[in-house]
Amino acid sequence: MVSSDKPVRVRMAPSPTGSPHVGLVRTALYNWAFARHHQRHGAGGTFVFRIEDTDKERSTAESYAAIIDLMRWLGMEWDEGPEVGGPYAPYKQSEREDLYREVLAKLRESRFGYECYCTNAEVEERRKASGSKVMGYDGYCRNLTADQVAVFEAEGRSHITRFRMPDGKITWNDLVRGEITFETEFVPDYALCRANGDPLYTLVNPVDDALMDITHVLRGEDLLSSTPRQVALYGALIELGVTDFVPEFGHLPYVMGEGNKKLSKRDPEAHALAYRDQGFLPEGLLNYLALLGWAIAADRDVFTLDEMVDAFEIGDVNPNPARFDLKKCEAINASHMRLLSLEDMTHRVLPYLKDAGVVGDPVHDSDAQLLELAMPLVAERINKLTEAAGMLGFLFVAEDDFSVDPADAEKMLGEDGRPVVQAAYDALAGLHAWSTSDIQEALQTALVDGLGLKPRVAFGPVRVAVTGRRVSPPLFESLELLGRERSLGRLQRALG
RNA sequence: GCCCCCGUUGUGUAGCGGCCUAGCACGCCUGCCUCUCACGCAGGUAGCGCCGGUUCGAAUCCGGUCGGGGGUACCA
């Protein structure tokens, strides 16, 4: 049986250690898109989410929660896994120990596994003595006699179970890289468990993939050199009746940071959840990450997830490592911001406005109405959701709490600025109607025509006095929304 | 050391023997638009690691070389 006859099942299998990395997101995204694509255009297409928490020392509940939180934010729904369950439950390795021990016992009783009593020091010593260029285990305990075992046992040595690598070569057709071959003489027999019997990743990962009927393993290229071991193990699992096929493998390129190093936890750009805090759109981040190794077309790089699902082919993934570029990530995100409808953007901006304290939680009706009127002014000029707070704050703040940025005040409300503000006040105070066009006309007449100032010089001080900053939404519209009373009050205050 | 992977402008990519005097995007630089910012628009900048070979013809195929990365654990 080959995996291509099976309904497609892929998985993401993070270890809940530390804060989730953008590399994890990219891997999850490719798996997810692969599954959804097959759901739409082929057979099966199940996206499984499994938690690899066999390393009890390093796994944490916080990390687990962060990964779930991240996946929810990104909107990558999983068909089976934590919180949703599924026919292959449980989906946490810490809850599957019995399964591993069962398989381990089968392996140990078959010719595929054997007990090894060696210590690292002994292995290393033998390697030096023999002058072998191959590092790792030398197969010393492969064919121990009963007497030898008795001696080791009498010495009180502990033992582990090793997997006996077959002779010859192991070849697979990597979905991303094409045919890859390893001579097994360079792939030593490897440990399947610790001396205390705890199963190791080398066993647990492929066993779970086998037990869960995973058909396509798409993962980071760091796992590429462990693939021959897994392919060999699959051979054994098939013979032992644990599964009946070997999955296909595809090794995805790294996401690199500065220089030629993998993006590490030390790099601030590495932390996936930080993008949410910074006001990125999930579709913006995902779109950018998709671009790190894949392209939807020769002349386009902004697309929706739906379009990605339609177009995604694992064979199109580029095998070279990609550098993470924050600027481009921001640009892609900005493009998605512009794709949002006003309603949608308002809806998405709201939580950030609450966080920033610009509006209350729950939002007052009056604030909601004001926001609806104000969003059109900022929608075109923000590239991240968080930027709305800074631009809109002046509209929502209570007059008593309103303040002008000190640096901006110094630049714009000094000797040169005050007369301008005074003239603006006089012009606006006498205004009958309070609409954008009336305001514009009045200020134009008073400041540009009257004082003979260039527009940018004329409106700068007014902007700072009224919005508190040199950068703001369009001035006349802002004044209209602010209202006559508050506008005049602020101008007065700038003079006083 | 040994094994494996990778190699197109600063960055991400398109390219699968002629359509390539190498396309697109970000960045950067010039302008335009303009009440600030942002958007938008027009233009510019810069690349097939190197050497051989195959071929009428190579970024594309082959060999070598150099460079980078990963693995080489009773980590994952």
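Helix 13 and helix 19 run roughly antiparallel to each other. Their axes cross at roughly 175 degrees, and an angle over 145 counts as roughly antiparallel. This is a predicted model. Helix 19 also supplies at least two residues of the surface near RNA strand B.

**Helix 13 and helix 19**
- Helix 13 spans residues 365-379, and helix 19 covers 475-482.
- The two axes come within 11 Å.
- On the helix 13 side, the contact uses L370, L373, A374 and L377.
- Helix 19 answers with E477, S478 and L481.
- By class, this contact has five nonpolar, one polar and one charged residues.

**Surface near RNA strand B**
- RNA strand B is surrounded by 62 residues.
- The closest are M135, Y201, A295, A298 and P455.
- Helix 11 (326-339) gives the largest share, four residues.
- Strand 6 (178-183), strand 11 (322-323) and helix 18 (455-467) each supply at least two residues.
- The surface near RNA strand B divides into 28 nonpolar, 14 polar and 20 charged residues.

**K265**
- UniProt, in an unreviewed entry, places the feature "binding site" at K265.
- K265 sits in the loop between strand 10 (255-256) and helix 8 (272-277).
- K265 has 11 other C-beta atoms within 10 Å, so K265 is exposed; the cut-off for exposed is 12 or fewer.
- Leaving aside neighbours within four places in sequence, K265 is in contact with G18, S19, H21 and A270.

Key:
Residues are numbered from 1 along each chain as its sequence is written. Chains are lettered from A and ligands numbered from 1 in the order in which they are written. This is a predicted model: local features need pLDDT of at least 70, side-chain atom pairs count only at pLDDT 80 or more; totals for chains, interfaces and linings use all residues. A residue is near a molecule or strand if its C-beta atom, placed from the backbone, lies within 6 Å of it. Ala, Val, Leu, Ile, Met, Phe, Trp, Tyr, Cys and Pro count as nonpolar, Asp, Glu, Lys and Arg as charged, and the others, Gly among them, as polar. Axes are lines fitted to C-alpha atoms, for helices over the stretch in contact, and angles run from 0 to 180 degrees between N-to-C directions. Angles under 35 degrees count as roughly parallel, over 145 as roughly antiparallel, 65 to 115 as roughly perpendicular and the rest as oblique. Two residues are in contact if their C-beta atoms, placed from the backbone, lie within 7 Å. UniProt positions are given in the numbering used here, feature names are shortened, and annotations may be inferred rather than shown by experiment. A residue is buried if 20 or more other C-beta atoms lie within 10 Å of its own, exposed if 12 or fewer, and partly exposed in between; C-beta atoms are placed from the backbone.
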